[in-house]
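Here are some notes on the structure you sent over.

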Amino acid sequence: MVADLNAAFLPASCPLLVVKVGSSLLVQPDGTVRQEWLQTLVADISARHKAGQRCIIVTSGAIALGARRLGFDKGGRASLADAQAAASVGQIVLSGIWADLLEGQSLAAAQMLVTLDDLEDRRRYLNIAATLDRLLGSGAVPVINENDSVATEEIRFGDNDRLAARVAQAAGATGVILLSDVDGLFDRAPHLPGAVLLPIIEKIDGRVRVMVAEGSSSGMGSGGMASKLDAADIATRAGIGLVIASGLRDHPLAALAQGGPATFFAPREGGSARKSWLGGRLTVKGRIRIDDGAVQALKNGSSLLPAGALSVEGEFKRGDVIDISADDDIAIARGLSEYDAVDAARICGHRTSELAAILGTVPRSVLVHRDQLVLL
């Protein structure tokens, strides 16, 4: 039985909460800041802090704020160069806004700027986790944004929904709230007649994804409902509950706690920290396609053996993260490869007893070990 939505985010049951604020909530269309609304949000965060719950803020808005100050068209998103320049200017302003508001509640703000690579690389991921732990233990409120001034299209989260989920994972949070411009996930586009809000999603399955694909969108800048669903998948896979709630009303966290409309994605039973990190990765180096027998073996908890592999795609080295899929190309698992791509392709379909003759050396018996593999 899924726990009550509001109870999931009480201080006693959720010691650490990640709150994501998007650009459209923080910045008006004319580029000015929604200062009064932000004050109500920070007041909510302060109240939770006093009650014993710690909060991390994941904030957008740097590009929008910088674009206004530089006079850039299209909100600073006409080109990557414009976006990076706007972010450089806007991030200073954005940090100052949060610092001033939190200081007004006697809370210390701590800025962290990260890129996709920072959370995809295991060592840097652990460094971020350690820094967050120290900051939170000192009573500070981390304010995190993607480092858009240096991130390229190839190494970007692209939206802060997924960033919030990965930050929650690194920090060991048990709850994420994505403040949106809609009340949550609807069974169809919210503006359509008869649209119904879904209060609880116990499993992100094909039915849920079809609803999103058919237009149940939040309409937010670089995010939208599809990115929120990705964030929910990352969070719940790590045993973290995630809520989509409206940020259009004042005191949005208090409104949620008082029973305001929202969609709650129930956390899955947690696995190991390493497997959660693997499952939440947004980039992979390659893919191995496997036969039906290997699919069933993985579902039963076995390692991936060469005999069950059909083909190899991509250029990867031993230790790189790869996807594992059946013939339909849908990834069913993700793991760390025990071989580089060339040798993996050479031993596809062969039994373990044949590997030494093929490779000319004493080989590892599996392509991906079950301890380095997570089902998706």
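How do the residues of the lining of the largest pocket divide into nonpolar, polar and charged? In this predicted model, the lining has 12 charged, 10 nonpolar and three polar residues.

1. Pocket volume and centre. The largest pocket holds about 760 Å³ of space. Its lining is made up of 25 residues, and those nearest the centre are Arg209, Asp233, Arg237, Arg268 and Leu376.

2. Three elements each supply at least two residues of the lining of the largest pocket: helix 8 (206–213), helix 9 (225–237) and strand 12 (331–336). Helix 9 gives the most, with five residues.

3. Helix 3 against helix 4. The axes of helix 3 (residues 62–70) and helix 4 come within 6 Å, and the crossing is at roughly 105 degrees. An angle from 65 to 115 degrees counts as roughly perpendicular, and helix 3 and helix 4 are therefore roughly perpendicular to each other. On the helix 3 side, the contact is made by Ala62, Ile63, Leu65, Gly66, Ala67, Arg69 and Leu70. Helix 4 contributes Ala83, Ala85, Ala86, Ala87, Val89, Gly90, Gln91, Val93, Leu94 and Ile97. By class, this contact of helix 3 with helix 4 has 13 nonpolar, three polar and one charged residues.

4. Helix 2 against helix 4. Helix 4 (residues 80–103) also packs with helix 2 (residues 35–50), at an angle of about 50 degrees and with the axes 10 Å apart. Helix 2 and helix 4 are therefore oblique to each other, and their crossing is right-handed. Helix 2 makes the contact through Gln35, Leu38, Gln39, Leu41 and Val42, and helix 4 through Ile97, Trp98, Leu101 and Leu102. The contact of helix 2 with helix 4 has seven nonpolar and two polar residues, and no charged ones. Ile97 of helix 4 is listed in the contact with helix 2 and also in the contact with helix 3.

5. Helix 6 against helix 7. The axes of helix 6 (residues 122–137) and helix 7 (residues 160–171) come within 8 Å and cross at roughly 70 degrees. Helix 6 and helix 7 are therefore roughly perpendicular to each other. From helix 6, Tyr125, Ala129 and Leu132 take part in the contact, and from helix 7, Arg166, Val167, Gln169, Ala170 and Ala171. Six nonpolar, one polar and one charged residues make up the contact of helix 6 with helix 7.

Technical notes. Residues are numbered from 1 along each chain as its sequence is written. This is a predicted model: local features need pLDDT of at least 70, side-chain atom pairs count only at pLDDT 80 or more; totals for chains, interfaces and linings use all residues. Side-chain values use heavy atoms; hydrogens and water are left out. Axes are lines fitted to C-alpha atoms, for helices over the stretch in contact, and angles run from 0 to 180 degrees between N-to-C directions. Helices (H or I, at least four residues) and strands (E, at least two) are DSSP runs, numbered from the N terminus. Angles under 35 degrees count as roughly parallel, over 145 as roughly antiparallel, 65 to 115 as roughly perpendicular and the rest as oblique. A crossing is left-handed if the near helix is turned anticlockwise from the far one by less than a right angle, and right-handed if clockwise. Contact means heavy atoms within 4.5 Å. Ala, Val, Leu, Ile, Met, Phe, Trp, Tyr, Cys and Pro count as nonpolar, Asp, Glu, Lys and Arg as charged, and the others, Gly among them, as polar. On a 1 Å grid over the protein atoms alone, a cavity is a set of points where a 1.4 Å probe fits but cannot get out, and a pocket is an open set with protein on both sides within 12 Å along at least five of seven lines; lining residues have an atom within 4 Å of a point. Grid points are joined across faces, edges and corners, and a volume is the space filled by probe spheres set on the points.
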